[in-house]
Amino acid sequence: MTHVLRELRWWDIEPVLELEKELFPDDAWSRGMFWSELAHARGPGASRRYVAAVESTGEGECIVGYAGLAAVGGLGDVQTIAVAADRQGTGLGSALLTDLLRHATAFECTEVLLEVRVDNNRAQKLYERFGFEPIGFRRGYYQPGNVDALVMRLTDPSTATASEAPFGEDSVQGTETHG
């Protein structure tokens, strides 16, 4: 199946919450968190980009991934990237990240930051392919479990393109900021 990327809207929150709980059972975002983020994603003062990856089914469409970016004062922050378990390794993570970086450029961001679990090597490899570099740690950032976050930075998102990787390495489960 092929996916289409489109702006995440309020009517997508319920299916996104289902995927969120499946992928991040211990620290899933709440309905209110998504509502709050989407409130800043439209209009002249928009500072967020949230995108859904959808597939058409015989009964409509199914959300198989989503991602979000916050942009303030020239700095972008990847808030979340999530890909359904059965769609990991298909290039969907790259497509979502590419969309966020295009919008970071449109928001005039000169750099983009993200946090990723230190034990999520596959996601780290995806980010490295786009030019993100490790710059530090946030100790005990992911709860429960007290798991550290690796902080990564991309300078000049306007020039970011993913280097080639073997099929299957693009299987990002997610990176989340719950700060």
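Glu61 is partly exposed, with a relative accessible area of 46%; that label sits between buried, which means under 20% relative accessible area, and exposed, which means over 50% (1.4 Å probe, protein chains only). Keep in mind that you're looking at a predicted model, where local features need pLDDT of at least 70, side-chain atom pairs count only at pLDDT 80 or more, and totals for chains, interfaces and linings use all residues. Residues are numbered from 1 along each chain as its sequence is written, and side-chain values use heavy atoms, with hydrogens and water left out.

So where does Glu61 sit, and what does its side chain meet? Glu61 is in strand β3, and its side chain meets that of Arg6 in a salt bridge (2.4 Å, N to O). This pair ties together distant parts of the chain, as Arg6 belongs to strand β1 and lies 55 residues away from Glu61. Strands here are DSSP runs of E, at least two residues, numbered from the N terminus (helices are runs of H or I, at least four residues). A salt bridge means a side-chain nitrogen of Lys or Arg within 4 Å of a carboxyl oxygen of Asp or Glu.

Arg6 has another partner, too. Asp12 forms a salt bridge with Arg6, and their closest N and O atoms are 2.7 Å apart. Both Asp12 and Arg6 are buried. Through shared partners, salt bridges join Arg6, Asp12 and Glu61 into one network.

Now let's look at the strands around these residues. Strand β2 (residues 48-57) is mostly covered, with eight of its ten residues buried. On one hand, β2 is joined to β1 (residues 4-7) by four bridges, and the two run antiparallel. Two strands pair if DSSP finds at least two bridges between them. In this pairing, Val4 stands opposite Val54 in β2. On the other hand, β2 pairs with β3 (residues 60-72), again in the antiparallel sense, over ten bridges. Here Glu61 turns up again, standing opposite Ser56. A hairpin of two residues takes the chain from β2 to β3.

How many salt bridges are there by this rule? The count comes to twelve. One of them brings together the side chains of Arg153 and Glu111 (3.9 Å, N to O). Arg153 is in strand β7 (residues 147-155) and Glu111 in strand β5 (residues 111-117), so this pair also links distant parts of the chain, 42 residues apart. Arg153 counts as partly exposed because its relative accessibility is 32%, and Glu111 gets that label at 24%.
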